[in-house]
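Okay, thanks for coming, everyone.

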Amino acid sequence: MDKGSDEGDEEESEDDWEEVEELSGPAPGDVGGSSASQSVLPLKPVEIEIETPEQVKTRERREKIQMECETHLRRLMKRFSKEVHENTHKVHLLCLLANGFYRNGVCSQPDLLAIGLSVVPARFTRVPPQDVDLGYLSNLVKWFIGTFTVNADLSAPERGSLQTTLERRFAIYSARDEEELVHMFLLILRALQLLTRLVLSLQPLPLKSSVAKGKKLPKDRATEDPGDAPGTSRQAPENQPKLQTSKVTRQGKAFPKGPGKAGTKGKRRKTAAGRTKHGEPSSSEGEAAGPSKQQPQRPRQSRARRRALRVSYKEESGSNPATSSSDFEPSSGEAHRSSDEEPAPPRQRRAPAPQWTKVGSKNDSRTQPGSRRQHPASSSSLGSKRGKKLSQDDEEAGGKAAGIDQWLEVFCEKEVKWMCVDCVHGTVGQPRTCYRYATKPVTYVVGIDSNGWVRDVTQRYDPAWMTATRKCRVDAEWWDETLRPYRSPFVEREKQEDLEFQAKHLGQPLPSAIGTYKNHPLYALKRHLLKYEAIYPETAAVLGYCRGEAVYSRDCVHTLHSRDTWLKQARVVRLGEVPYKMVKGYSNRARKARLANPQLQDQNDLGLFGHWQTEEYQPPAAVDGKVPRNEFGNVYLFLPSMMPIGCVQLHLPNLHRVARKLDIDCAPAVTGFDFHGGYCHAVTDGYVVCEEFRDVLLTAWENEQALIEKKEKERREKRALGNWKLLARGLLIRERLRLRYGAQSSVAAPHTDAGGGLSDDEEGTSSQAEAARVLAASWPQNRETEEEQKLECPRKTRRAKKEAAGHLFPFEKL
């Protein structure tokens, strides 16, 4: 028994072992050995490098510097791109404003005004401008709509001016588009001596780039329109309920695991198979009918990959005319769902007809050309992707890409207010209607009157002015500075209009989204307060609640400052005041304190005070001719009211030197601080001295300046005299050289002629002979002899050379 058990254990142990290749060398009897076994062994020694802590620090420091440089360059590029985009937006806005000035000027021409007055019935001309009210304007708009029509078949002027075009339109009582119709009605209103504005909704390039939104568009489109997948058009009818319940499944409702889940997986496999095997519809049908067939699992693809494959599949299917219609044809369930989500296009694009019945036929004939122009847009929108969401205002306006961006405003003296007039849709005093039919987004709405005065009236029409519109506009200071030359001189009328805007904003309900309260001009939440902001008083009235958070008035939000900041505004904190808020300071003094004491790392060490906790700065007085100084030895003079009593400020350079000589107290005046080089540096402007020493210092400073000018003059004269001396010495040296070497040059001249040179008689001109003599004098002929003499002469020492050159001028030494 023991022997059998031992044999069974050996068999079991043999089963547990695996046969592996030996790594040892070849046997002695083998010739050459095995190449496979030899390749496994390393042929060269293995080197392992281990970084020391110093090397790790050096590498991390180098990587950090490189990353900081890349981040800095990236920020510079983004900043430059942002500036270019903002400047382009400003230029486009100015161009649109200039175009509005041109149109407004044309609509003020006397000839056009006379033509417009000639077509107005007499009953409208009998009413004086001060008696114009809402009823008068409504009747005038009703007559205009019934008289003038829009005919899109009219020829567009190629090179003719706008004035000539309007004259022709008045002759036929018809306009080519809505813009010409607005211009014609503007001429009629100004012909009736009514104060009228041409209102323009400017549509410049967007201020913020929409690159980020463009990246999210395919994702939103894929989630909003799941029926765009090409495989859904080939699914069996029993798969339609699964499409309808897919939205419920995403919301988190649990369903039992069964055929539905398997069918979903089979549908995904079928979609992938349909992309790979486009010409085999039978395979996709088989997979859809039998989702229980076992197939090798494929890795789950990302959404971007599936979307890319989906696009390529559509391009391939578009090339085959037999299958293109079936690929793009949605199922009945998808068509039903899309029809529930989007309203019918004809109902969107039909403009509401006026409420008057007398001229209904004329109004219909006038609006027919506009409706004919809208049919292609509606058909193209149906053929395009249905995943694009239209806002509620766009749906009310008919979903058109471009709306009516021109209308009018008439000032009613009876009601002392401006009333908007839309002569295209026949509405008076309805700003919401003008906004509904305008091109979105509405960011800049300006009104230009007959005198050329401009007024920004965006607040009257845009309901989202307090939240979204202000963020899409350019800097308010730049825009106000641009419109300042065209501001109306009627200040009272402008103030009345501002009060109207304010009353409109206060009458609106509180925003329902928390994000809209950030930087809201009327309301504020505690969560959106900045570091140096606080709500005062603490018992401020709560205007309402937004998701459980108290809403306060923006008037209760105050800006707090530290003691030093209040001192820059000529205010000091009263004695005994407790900081209203404590924050963490980041000055150099605070950082050094944290480094010295690690326990203060997370402690708020900077106290902030409100305006109600401060008082005006009381400057000290000068006593016994001494200027009162601060702890740094100078005088804070941020504002003129901080001047010490009995002292004056003198803007004279280097005044402290004169005051030191006369033993008069003088202190530099600090007017601000400049931040550069990582530190804060004081900016000084002049000096502060006692008033009794003012005249003495001024006289002494003038005498000092006269003495400095005299010394400077003497220095200039001395320098000029030295230059003349230098010139005279140079001339003397030149004369000495001429006397010393002039005889040798005259002797060398015949030698040159004998060697083949030209004489005066042979040449015939004296200039060439003179040139030959100069050449002979400047270029010695006995060069070889001189070189031999130099070689034969012994080498002189430095002292001998110095003694030999003692009688020479400095120029001769060179």
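So, helix α3, residues 53–106, lies across β3 (196–202), β4 (406–412), β7 (444–448) and β8, and it runs at about 150° to β3. Helices here are DSSP runs of H or I with at least four residues, strands are E runs of at least two, and both are numbered from the N terminus. Axes are lines fitted to C-alpha atoms, for helices over the stretch in contact, with angles from 0 to 180 degrees between N-to-C directions.

Quick caveat: this is a predicted model, with local features needing pLDDT of at least 70 and side-chain atom pairs 80 or more, while totals for chains, interfaces and linings use all residues. Residues are numbered from 1 along each chain as its sequence is written, and side-chain values use heavy atoms, leaving out hydrogens and water.

Now the sheet: it's open, six strands, antiparallel pairing, in the order β6-β5-β4-β3-β7-β8. Pairing takes at least two DSSP bridges between two strands. β6 (427–428) and β8 (454–456) each have a single partner strand, so one side of each has no neighbour in the sheet. β5, residues 417–422, is joined to β6 by two bridges, and Val 421 sits opposite Val 428 in β6.

Back to α3. It packs against α23, residues 476–483, at about 30°, axes 13 Å apart. That counts as roughly parallel, the cut-off being under 35 degrees. On the α3 side you've got Lys 90, Leu 93, Leu 94 and Leu 97, meeting Trp 478, Trp 479, Thr 482 and Leu 483 in α23, where contact means heavy atoms within 4.5 Å.

Conventions
Angles under 35 degrees count as roughly parallel, over 145 as roughly antiparallel, 65 to 115 as roughly perpendicular and the rest as oblique.
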